[in-house]
Amino acid sequence: MRIATWNIGEDERNDGGKLTLDSYNYIINMIQNENIDIVCLQEAIIKSDFLPSIASYIKENTNLKYIVEYELSDSHINIGSKMGVVICSKFEIDNYKLFKLDNPNFIYSVDEETTYYSHDKGFIIANIKGYNIITGHCLPFHVFKKNPLDYLNIFRKVDEEFINSYNSNNNIILCGDFNYDNVNKLFPKIMANCNDLIDCPTRKDKQLDHFVISNKLKCTYKNVSANIFDHKYGIFDIK
């Protein structure tokens, strides 16, 4: 099964990183050309005054006909849009649940006219064809000049939720933009029986994105590549 993970928040070709239908069609072409079975997206547009839901667009234009969307926050790039995390799958999604992380409600003022507030972040926890796929997005603590290791209570709740949802011996795939390089420090319980398949920078000079699989699974192909968006995408064949 070929699975992709991708933060699509900013199209670097466009002013301010805004997404367009051309951005969407780039994703469609990637899904088709790479024969993707399941794609997990972060900073994905769920609702917008200007664009369709990316999950619905993928459903209409590829063979990934099963979708789950989790709306989490306003988009800071595509004003007038709501964004979140998405799973689009060629295979039926047997069941799923949504898990929101605690929000520390950080405030960061750039100047007198610009203030950023920490967005809600979260995960989709789904069962697809016998695989337990967990995908999501964690808060960019660095933007607010905070150390995520000072807020491990937030990640511990997520770690417990993962373990409680699926026994650690099951076929676990955990992927997404975690906004920190060392996933072992964030999710030690799940990582006790898993490995991270990404070992390179995924945005500028830092590894923020991860693709974690349980030890019983095997990866027969992987490709982590730059593209039009500000994060690299990862493609993995898992069995």
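A residue counts as buried under 20% relative accessible area, as exposed over 50%, and as partly exposed in between. Lys-90 has 37% relative accessibility, so this residue is partly exposed. The model is a predicted one.

Lys-90 sits in the loop that links β4 and β5. Setting aside neighbours within four places in sequence, Lys-90 touches Asp-37, Asn-63, Leu-64 and Tyr-66. Ala-44 is 46 residues from Lys-90 in sequence, and their C-alpha atoms are 18 Å apart.

Start with the sheet that contains β4. This open sheet has six strands, ordered β3-β4-β2-β1-β14-β13, and its pairing is mixed. The edges are β3 and β13 (219–225); each has a single partner strand, so one side of each lacks a neighbour in the sheet. On average, neighbouring strands are turned by 25° against each other, direction ignored.

Strand β3 covers residues 66–74 and strand β4 covers residues 81–89. The two pair in the antiparallel sense over eight bridges. Along this pair, Tyr-70 stands opposite Val-85 of β4. Asp-74 stands opposite Lys-82, also in β4. Six residues lie between the strands of this hairpin, and Gly-80 has a positive phi near 90°.

Ser-73 belongs to strand β3. Its relative accessible area is 9%, so Ser-73 is buried, given that the cut-off for buried is under 20%. What does Ser-73 touch, not counting residues up to four places away in sequence? Its contacts are Ser-81, Lys-82, Met-83, His-119 and Asp-120.

Helix α1 touches β1, β2 and β14, and its direction makes about 160° with that of β1. Helix α2 touches β2, β3 and β4, and its direction makes about 120° with that of β2.

Which residues of α1 are buried? They are Ser-23, Tyr-24, Ile-27, Ile-28, Met-30 and Ile-31. These residues cover an arc of only 160° around the axis, so they lie on the same side of α1. They pack against β1 (2–7), β2 (38–48), α2 (54–61) and β14 (233–238).

The ends of α1 have their own details. After α1 comes Asn-35, which has a positive phi near 55°.

Six strands make it up, in the order β5-β8-β9-β10-β12-β11, with mixed pairing. Its edge strands are β5 (93–100) and β11 (194–196), and each pairs on one side only. The twist from one strand to the next averages 15°.

Within this sheet, follow β8 and β9. Strand β8 spans residues 122–128, and strand β9 spans residues 131–137. They pair in the antiparallel sense over six bridges. Ile-128 has Tyr-131 of β9 as its bridge partner.

Terms used. Residues are numbered from 1 along each chain as its sequence is written. This is a predicted model: local features need pLDDT of at least 70, side-chain atom pairs count only at pLDDT 80 or more; totals for chains, interfaces and linings use all residues. Side-chain values use heavy atoms; hydrogens and water are left out. Two strands pair if DSSP finds at least two bridges between them. Helices (H or I, at least four residues) and strands (E, at least two) are DSSP runs, numbered from the N terminus. Axes are lines fitted to C-alpha atoms, for helices over the stretch in contact, and angles run from 0 to 180 degrees between N-to-C directions. Buried means under 20% relative accessible area, exposed over 50%, partly exposed in between (1.4 Å probe, protein chains only). The arc is that of the directions from the helix axis to the C-beta atoms. Contact means heavy atoms within 4.5 Å.
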